[in-house]
Amino acid sequence: MFPCALNGAARSWMKYCTPRRAFSAVRPRLVLGIETSCDETGAAVIDETGVILGESLHSQKQTHLDAGGIIPTVAQRLHRENISRVVQEALDRSGIEPGELTAVATTVKPGLALSLGIGLHFSLQFVRLHEKPFIPIHHMEAHALTVRMLHPVDFPFLVLLVSGGHSLLALAKGIDDFLLLGQTLDEAAGDTLDKIARRLSLRNHPECSTLSGGQAIELLAKEGDRLAFHFKSPMGQLYDCNFSFAGLRNQVTLAIGKKEREEGVEKGQLLSCVKDIAAASQHTLVSHIAKRTHRAILFCKSKGLLPQHNPTLVVSGGVASNEYIRRTLKIVTDATGLHLLCPPSKFCTDNGVMIAWNGIERLKQGKGIMSHTEEVIYEPKAPLGLDITSEVKDAAIKVPPLRLRINS
């Protein structure tokens, strides 16, 4: 079970160390969450107060690192091989029988089609066997709402979601009510970092052999000089909140090729300046994210979309675990008067807890709950909320410069 910061040490201890059902004859509603959108097989049982009763997670990271990237058919096979065990482990650790569950929540969009299919097929069999309601979950909504399990965050709030497959800015107005302010036009931030790490052959670095690409970049960047290479920040003349990372990746790739020729290094070998390239790449990518986020804040303020009291920016998704990103965004929120909230790293990556919590949120409001007899389809591509990116672009808000000085 994962403790998190709440008001009062005693309250925190009671919430996460003592099953709530021991205090009450009325058992709270319980949701089983199942996540298989990409390369993590996750399951968790939580109650309506956010107590994590049991969870399990099977990571495919090492397999895909060895393969040099995620292979959908491999991810599908590993989900199929592990999902039954992962769900049973979550149930066993919770002490909850399937018949005691109130509902089952499962990611059905967006994600890898082959991965989503495994989770949905298993879940539908499960709810039909045990005659339980089914709650289809939007993966990005789940990331955005996880923070509400940990902190009393009221709507509306601004959300930045950055992961291996997604990069977007949105205003969360309700559990299923989002305004999309900006999104990536090509590839996601996490995908870019992974590709740069592969081009730098960081798997061959003694400190990085078991790390994901983004983790390896972050680690080496701590000892690198970000000023040793100059990479142009993307989309500098476009005053919107969309992202683009492919151009940055191309700049870095050209710089790596040039240094390899200068040093006589073949592909697969490590450059002497690998830490500097990591630092410069990370800084440019994070600066791009920070500027778009700054503009999103200014846009929301100009339109009166954020509350006057304690406006909040929530940052989630796998890449949000990067401390450099968090510290850079803190500069932005300090300058604009927002409160920055980042879930703990273990809740930023894909997991069953966030899916179960989204199920709880929907259960409380009676939204999106389906009978176990209904048919459900998965959707590999699914937008988040109402797209108002053109309205943001038309506002053409110029972002004042901020001094983004982050010490390692």
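**Local features of the predicted model**

S201 is located in the loop that runs between α7 (189–199) and α8 (213–221), where helices (H or I, at least four residues) and strands (E, at least two) are DSSP runs, numbered from the N terminus. The model is predicted, and local features need pLDDT of at least 70, side-chain atom pairs count only at pLDDT 80 or more, while totals for chains, interfaces and linings use all residues. Residues are numbered from 1 along each chain as its sequence is written, and side-chain values use heavy atoms, with hydrogens and water left out.

The phi angle of S201 is near 60 degrees, a positive value in a residue other than glycine. S201 has a relative accessibility of 12% and counts as buried; here buried means under 20% relative accessible area, exposed over 50%, and partly exposed in between (1.4 Å probe, protein chains only). A positive phi is also found at E131, near 55 degrees, again in a residue other than glycine. E131 is placed in the loop between α4 and β5. With a relative accessibility of 57%, E131 counts as exposed.

The loop between α4 (113–130) and β5 (134–138) also holds P133. P133 is partly exposed, at a relative accessible area of 27%. Not counting residues up to four places away in sequence, P133 touches T102, A103, V104, V127, I369 and M370, contact being defined as heavy atoms within 4.5 Å. P133 and L248 are separated by 115 residues in sequence and by 46 Å in space, C-alpha to C-alpha. Another proline, P156, is found in the loop between α6 (147–150) and β6 (157–162). The peptide bond leading from F155 to P156 is cis, with omega near -5 degrees.

Helix α8 is mostly covered, with 7 of its 9 residues buried. The buried residues of α8 are G213, G214, A216, I217, E218, L220 and A221. Their cover includes α7, α10 and α11 (323–336).

T293 is part of helix α10. T293 counts as buried, with a relative accessibility of 0%. Its side chain reaches the backbone oxygen of I289 at 2.8 Å; a polar contact is a pair of N or O atoms within 3.5 Å, and within protein one must be able to donate a hydrogen and the other to accept it, while residues adjacent in sequence count only if both atoms are side-chain atoms. T293 also touches L160, L169, L313 and L329, not counting residues up to four places away in sequence. In helix α13 (residues 352–365) lies E361, which is buried at 4% relative accessibility. Leaving aside neighbours within four places in sequence, E361 is in contact with L145, R148 and I175.

Rings of Phe, Tyr and Trp (its six-membered ring) were taken to pair if their centres lie within 6.5 Å, with planes under 30 degrees apart counted as stacked, over 60 as edge-to-face and the rest as tilted. By this rule the count comes to 4 aromatic pairs. One of them is formed by F229 and F231, which are stacked at 6.1 Å centre to centre, with 10 degrees between the planes. F229 is buried, with a relative accessible area of 16%, and F231 is buried at 7%. The pair F243 and F245 is stacked because the ring centres are 5.9 Å apart and the planes lie at 15 degrees. F243 is buried, with a relative accessible area of 0%, and F245 counts as buried at 1%.

The second largest pocket has a volume of about 590 Å³. On a 1 Å grid over the protein atoms alone, a pocket is an open set of points with protein on both sides within 12 Å along at least five of seven lines, a cavity is a set of points where a 1.4 Å probe fits but cannot get out, and lining residues have an atom within 4 Å of a point. Grid points are joined across faces, edges and corners, and a volume is the space filled by probe spheres set on the points. The second largest pocket is lined by 28 residues, of which S233, S287, H288, K291 and L404 lie nearest its centre. Helix α10 (residues 274–302) supplies the largest share of this lining, 10 residues. The lining divides into 14 nonpolar, 8 polar and 6 charged residues, where Ala, Val, Leu, Ile, Met, Phe, Trp, Tyr, Cys and Pro count as nonpolar, Asp, Glu, Lys and Arg as charged, and the others, Gly among them, as polar.
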